[in-house]
Amino acid sequence: MNLKRTLQTSTLSGFTLSAILIVTFLNILLQNIPSSVQRVGDELLKLNTTDGVSNAVTTVVVFFRGFDTLGEIAVLFIASLGIGLMLNENKKCEIKAESNFMLKTASKLLFPIIVVYGIYVMVYGHLSPGGGFQGGVIIASAVMLLLISHKNFELSHSVVVILETFAGISYVFIGLIGLLILDVFLANFLPHDVSSMGLLLSGGIIPIIYIVVGIKVGSEMSMIAQDLIKRENDV
Amino acid sequence: MIGLIILASFVGIVVVAFSAIVQNTLADAIILFMGVGLGSVILFFVFGAPDVALTEAVIGSGISSLIFLMALKHLKSQP
């Protein structure tokens with residue numbers, strides 16, 4: 001009886017939600033009949049040349065939408081916090097099967113290569129495709145490989161906490177320095193000449209912020225993976 | 001050639017997505033979901049968005065599939 005009632009309610013709310021979504025979508029579609037083509041991208045590309053970063057996507061993500069990226073990192077932190085709270089802290093998962101020796105050897109061989117590639121993607125985020133998010137997750141996937149293949153491997157909790165705290169605080173700190181010097185939060189206070197575009201040391205604070213984002217994302221994703229793989233669930 | 005790649009990956013995405021929702025076991029559906037991510041990586045790259053392609057390859061088919069698989073393991077271990 002109870003189950004039937006919940007099922008009906010959820011079906012009804014599902015239909016209502018999809019109807020609202022379809023109406024909204026049609027509304028957007030009908031209002032934007034291509035009488036006036038929007039050209040935000042061209043404006044952003046024009047502005048991009050003033051910052052001396054050759055990858056325009058990085059300029060948009062880190063500089064024009066820098067505050068937004070701070071919010072995204074906060075969302076990721078809350079997600080990892082939720083996963084950590086849901087799983088039992090003291091009860092370790094019992095993994096009975098020992099990994100194949102080929103998997104063990106291959107993961108030991110691949111781990112440094114994947115980590116170096118992740119650091120490359122992270123550091124060269126303002127020159128080539130990639131950046132902090134992608135590089136951080138690549139490093140986390142290397143850690144994940146070791147977590148799956150080695151039964152007793154575990155990350156040190158305190159090291160991850162120190163890395164993540166350092167990264168989060170330094171992001172806000174860089175923004176506050178910009179507020180002090182140029183009266184704008186996350187302002188580009190370091191030298192960013194257009195003449196140095198394409199060099200590793202260019203773009204002022206943009207590569208620094210992306211490296212910081214990469215450290216934070218990598219440590220959070222590694223902790224999520226470790227919690228899910230090694231801990232028993234509480235509920 | 002490029003048009004052929006676009007068409008093949010598009011049809012592949014649709015086929016893999018449909019076969020993912022008709023699977024009986026959840027683990028098979030998750031593996032096919034990784035295939036959807038792979039097809040969209042090719043599409044994003046061909047349409048000139050390498051940043052998005054990298055993000056999709058790493059997050060969409062890498063991390064999120066692992067999180068799904070581990071959540072499945074936790075669901076199964078529940079009494």
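This is a predicted model: local features need pLDDT of at least 70, side-chain atom pairs count only at pLDDT 80 or more; totals for chains, interfaces and linings use all residues.

Student: Is F77(A) buried, partly exposed or exposed?

Tutor: The cut-off for exposed is 12 or fewer, and partly exposed lies in between. F77(A) has 15 other C-beta atoms within 10 Å, so it is partly exposed. F77(A) lies in helix α4 of chain A, residues 66–86, while I209(A) lies in helix α8 of chain A.

Student: Which residues does I209(A) touch, not counting residues up to four places away in sequence?

Tutor: Contacts are judged by C-beta atoms within 7 Å. By that test I209(A) touches V62(A), Y171(A) and I174(A). Separation along the chain is another matter. I209(A) and V194(A) are 15 residues apart along the chain, and their C-alpha atoms are separated by 19 Å. For F77(A) and N27(A), 50 residues apart in sequence, the C-alpha to C-alpha figure is 35 Å.

Student: What is A225(A) in contact with, leaving aside its neighbours within four places in sequence?

Tutor: A225(A) is in contact with A140(A), V143(A), M144(A) and L147(A), and also with L66(B) from the other chain.

Student: How many residues of α8(A) are buried?

Tutor: In α8(A), 21 of its 25 residues are buried, and the helix is mostly covered. α8(A) reaches 36 Å from its first C-alpha to its last, close to the 36 Å expected.

Student: How does the length check go for helix α5 of chain A?

Tutor: Helix α5 of chain A, residues 101–123, has 23 residues and reaches 34 Å, close to the 33 Å expected. The end-to-end distance is one check, and the local axis is another. α5(A) bends by about 30 degrees at L110(A), with a proline, P112(A), following within four residues.

Student: Which residues of α5(A) are buried, and what do they pack against?

Tutor: S107(A), G118(A), V121(A) and M122(A) are the buried residues of α5(A). They pack against α6 (132–149) and α8 (206–230) of chain A.

Student: How should I read the contact between the two chains?

Tutor: Count the residues on each side, then ask which elements supply them and what kind they are. The contact takes 15 residues from chain A and 13 residues from chain B. On the side of chain A that touches chain B, α6 and α8 are the elements that give two or more residues. α6(A) has the largest share, seven residues. By type, the residues on that side divide into 11 nonpolar, four polar and no charged.

Student: What can be said about each chain as a whole?

Tutor: Chain A has eight helices and two strands, running α-α-α-α-β-α-α-α-α-β from the N terminus on. Its radius of gyration is 23 Å, well over the 18 Å that the globule rule gives for 235 residues, so chain A is more spread out than a compact globule. The C-alpha trace of chain A spans about 60 × 50 × 35 Å along its principal axes. Chain B has three helices and zero strands, and its C-alpha trace spans about 50 × 25 × 10 Å.

Student: What share of the residues is buried in chain A, and what share in chain B?

Tutor: Buried residues make up 29% of the 235 residues in chain A. In chain B, 16% of the 79 residues count as buried.

Student: And how far along the sequence do the contacts reach?

Tutor: Take the contacts with a separation of 6 or more. In chain A, residues 24 or more positions apart account for 74% of them. In chain B, 47% join residues at least 24 apart.

Note on methods: Residues are numbered from 1 along each chain as its sequence is written. Chains are lettered from A and ligands numbered from 1 in the order in which they are written. The expected span of a helix is 1.5 Å times one less than its number of residues. The bend at a residue is the angle between axes fitted to the seven residues ending there and the seven starting there. A residue is buried if 20 or more other C-beta atoms lie within 10 Å of its own, exposed if 12 or fewer, and partly exposed in between; C-beta atoms are placed from the backbone. The radius of gyration is taken over C-alpha atoms; the globule rule is 2.2 Å times the number of residues to the power 0.38. Ala, Val, Leu, Ile, Met, Phe, Trp, Tyr, Cys and Pro count as nonpolar, Asp, Glu, Lys and Arg as charged, and the others, Gly among them, as polar.
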